[in-house]
Amino acid sequence: MIERHPDRRPTHPGAMLREIILPSFNKPKAEIARLLGVSRESLYSILNEDRPVTPAMAVRLGKLCGNGPGLWTRMQAAHDIWQAEREIDVSEIPTLDAA
């Protein structure tokens with residue numbers, strides 16, 4: 001298995017949707033939003049990587065794409081954790097050992 005370089009940010013699920021998944025459906029984004037039961041604005045916010053894929057959206061995307069919600073939540077979690085590790089200073093927090 002090929003490993004991602006640790007300095008490379010994991011792909012936002014919106015980028016995967018925008019670049020790979022939605023073009024393969026050959027349907028307008030407005031129709032995709034309607035099929036998902038969300039507003040076009042909500043879908044566009046995810047596609048523009050302005051909003052995360054929530055668990056509720058992951059369920060919708062998993063059904064629409066036929067791959068289940070797990071893929072979408074794992075992608076979002078990897079993206080969020082990578083970002084948080086670079087933004088949050090934990091140098092003052094000790095690591096405790098169990099007694």
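This is a predicted model: local features need pLDDT of at least 70, side-chain atom pairs count only at pLDDT 80 or more; totals for chains, interfaces and linings use all residues.
Which side chains meet in a salt bridge at 2.8 Å, N to O?

**View 1. The salt bridge between Glu19 and Arg18.** The side chains of Arg18 and Glu19 form this contact, with an N to O distance of 2.8 Å. Glu19 counts as exposed, at a relative accessibility of 53%. Arg18 is partly exposed, and its relative accessible area is 29%.

**View 2. The salt bridge between Glu49 and Arg18.** The two side chains meet at 3.1 Å, N to O. Because Glu49 lies in the loop between H3 and H4 while Arg18 belongs to helix H1, the pair ties together parts that are 31 residues apart in sequence.

**View 3. The salt bridge between Glu49 and Arg9.** In this pair, the N to O distance is 3.4 Å. Glu49 has a relative accessible area of 27% and is partly exposed. Arg9 is likewise partly exposed, with a value of 38%.

**View 4. The network formed by Arg9, Arg18, Glu19 and Glu49.** Salt bridges with shared partners join these four residues into one network. Among its contacts are the pair of Glu49 with Arg18 and the pair of Glu49 with Arg9. Arg18 also meets Glu19 in a salt bridge. For the model, the count comes to six salt bridges.

Methods:
Residues are numbered from 1 along each chain as its sequence is written. Side-chain values use heavy atoms; hydrogens and water are left out. Buried means under 20% relative accessible area, exposed over 50%, partly exposed in between (1.4 Å probe, protein chains only). Helices (H or I, at least four residues) and strands (E, at least two) are DSSP runs, numbered from the N terminus.
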